[in-house]
Amino acid sequence: QHYCIDPKKIEVVQWGIDPENPHYGISQPNPFDEKVVLFLGRVTLQKGPDYFIETARKVLDHLPKTKFVVAGNGDMFERMINRADELGMLDNFVFTGFLTGADVHKAFQMADLYVMPSVSEPFGLVALEALKNGTPILISKQSGVSEVVTNALKVDFWDIHEMANKIVNVL
């Protein structure tokens, strides 16, 4: 309306992923003798990494042989490591730092579950990447992707009890 363009000339194109990416077929095996729960993304307040850490403690109370992989960098990276140490679960964590290319897809493919506890997420392409790699997802109801993806586990980002419950049930 603002630019007086005929609406018939406008087509909405949803943001998405490249379905032809050759890295989807890597089939990376799990290198651990444990189930793997993955957090992949910017390690910032917006992405909810602190909720991931607190949830991990609750999961480990039920499934002590679980590995939590944190892939990404950000201003909360060191804080996550310190909190995992404070909670006595540093041995259950692998902090990879920032991943690119095939390594991102390998991380998804070795994981039993991808968790996206975002506090504020306009969309969340990374959840689509996880699905394309064959990894089940647990996403926050506050993420934009939760409005589009119907076959996913969803939880309020702050509900660490329900998040842990869903993780334990998946594993």
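## A parallel sheet and its helices

Helix H5 (residues 160-170) lies across S1, S4, strand S5 (137-140) and S6, and runs at about 160 degrees to S6. Angles here run from 0 to 180 degrees between N-to-C directions, with axes fitted to C-alpha atoms, for helices over the stretch in contact. Helices (H or I, at least four residues) and strands (E, at least two) are DSSP runs, numbered from the N terminus.

This is a predicted model, where local features need pLDDT of at least 70 and side-chain atom pairs count only at pLDDT 80 or more, while totals for chains, interfaces and linings use all residues. Residues are numbered from 1 along each chain as its sequence is written, and side-chain values use heavy atoms, leaving out hydrogens and water.

Now for the sheet: it is open, with six strands in the order S3-S2-S1-S4-S5-S6 and parallel pairing. Two strands pair if DSSP finds at least two bridges between them. At the edges, strand S3 (93-97) and strand S6 (153-155) each pair on one side only.

| Pair | Bridges | Partners |
|---|---|---|
| S2 and S3 | four bridges | Val69 and Val94 |

Is S2 covered or uncovered? S2 is mostly covered, with six of its six residues buried (under 20% relative accessible area; exposed is over 50%, partly exposed in between; 1.4 Å probe, protein chains only). Thr66, Phe68 and Val70 are buried on one side of S2, and Lys67, Val69 and Ala71 on the other.

Terms used:
Contact = heavy atoms within 4.5 Å.
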